[in-house]
Amino acid sequence: MTDKRVLITGGAGFLGSHLCDRFIKEGYNVVAMDNLITGSLDNIEHLFKLPNFEFYHHDVSKFVHVPGKLDYILHFASPASPIDYLKIPIQTLKVGSLGTHNLLGLAKAKGARMLIASTSEVYGDPLVHPQREDYWGNVNPVGPRGCYDEAKRFQEAITMAYHMHHSLETRIVRIFNTYGPRMRLDDGRVLPAFLSQALRGEPLSIFGDGSQTRSFCYVDDLVEGIYRLLLSDYHLPVNVGNPSEITIKEFAEEICKLTGVELKVEYQPLPKDDPQKRQPDITKAREILGWEPQVDRAEGLKRTLEYFRDKIELPASQEA
């Protein structure tokens, strides 16, 4: 056990809950904070009985007070899938701006080091491939996805301002597509959508012609990268993701093979400003953190499928 205390915002969400687990495992005192707008207490209920775990039901867009000392703050509060941030764009902008400002103020008051969860979406629909940290991006600030992309870009900017102006210890992780247990089945992202549809025997929804690419990182690998970045001495943004790139169409084929169903596809119009390419350049993570993904997609998908099988309500004909 350590006497170190960490605040994890968005602690009841997919990534936040896995981070709570990791810091508990490392012996930290963990304070999780979440307004449960997209998070779920189911993700952290196994931690409530522990003496070194606390939960605050709170919206970080409003003033944040945590009594006692804090050594680290990890800001992971934010809707993170298009289905959420298109539904609640103003809350998305507020958690990235006001929420980040409140937490930076708290970090300054407590003398804590703060890590923010940024995203590959700061690169927009990229004109550079793969995406490196020194690429400034191609983002439409007034498009439907602008509420998320610009909230995260602002989050990076204000974090750097606190670092420069107040000498605050800050870290910035740019997260690429991540998957694993505790993803919401209805969160609209491609992996839960495909797995849910395949398990229910429905056609898989492909937006556009399926030639767009994504690079999927298993959640345990991502958490390891974040943990190493927090404890590193590097304050500029670092990409953390899996550089193994795949087209959405190939991914649909993989999911059908994994679930043992015949590939049936329903093509739908491509959403506005949907990125055509997504692949991290992880040179920095390798050099600075000594990190790279360990779990390949086949293994990661197998673990995720087990979780989804338990959660999903199958048609009566498939339950036998």
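Q: How do you know how many disulfides this predicted model holds?
A: The predicted model holds zero disulfides. A disulfide requires a pair of cysteine sulfur atoms within 2.5 Å. The sulfur of cysteine 20 has its closest cysteine sulfur in cysteine 217, at 19 Å, and therefore the two are too far apart for a bond.

Q: Why is cysteine 20 called buried?
A: The relative accessibility of cysteine 20 is 0%. Buried means under 20% relative accessible area, so cysteine 20 counts as buried.

Q: What makes cysteine 256 count as buried?
A: Cysteine 256 has 4% relative accessibility. The cut-off is under 20%, and cysteine 256 therefore counts as buried. Cys256 is also among the residues that line the largest cavity.

Q: Why is serine 61 called buried?
A: Serine 61 has a relative accessible area of 14%. Since buried means under 20%, serine 61 is therefore buried. Serine 61 is located in the loop between β3 (53–57) and β4 (72–75).

Q: What does serine 61 touch, not counting residues up to four places away in sequence?
A: With those residues left out, serine 61 touches Lys94, Val95, Leu98, Gly99 and Asn102. Contact means heavy atoms within 4.5 Å.

Notes. Residues are numbered from 1 along each chain as its sequence is written. This is a predicted model: local features need pLDDT of at least 70, side-chain atom pairs count only at pLDDT 80 or more; totals for chains, interfaces and linings use all residues. Side-chain values use heavy atoms; hydrogens and water are left out. Helices (H or I, at least four residues) and strands (E, at least two) are DSSP runs, numbered from the N terminus. Buried means under 20% relative accessible area, exposed over 50%, partly exposed in between (1.4 Å probe, protein chains only). On a 1 Å grid over the protein atoms alone, a cavity is a set of points where a 1.4 Å probe fits but cannot get out, and a pocket is an open set with protein on both sides within 12 Å along at least five of seven lines; lining residues have an atom within 4 Å of a point.
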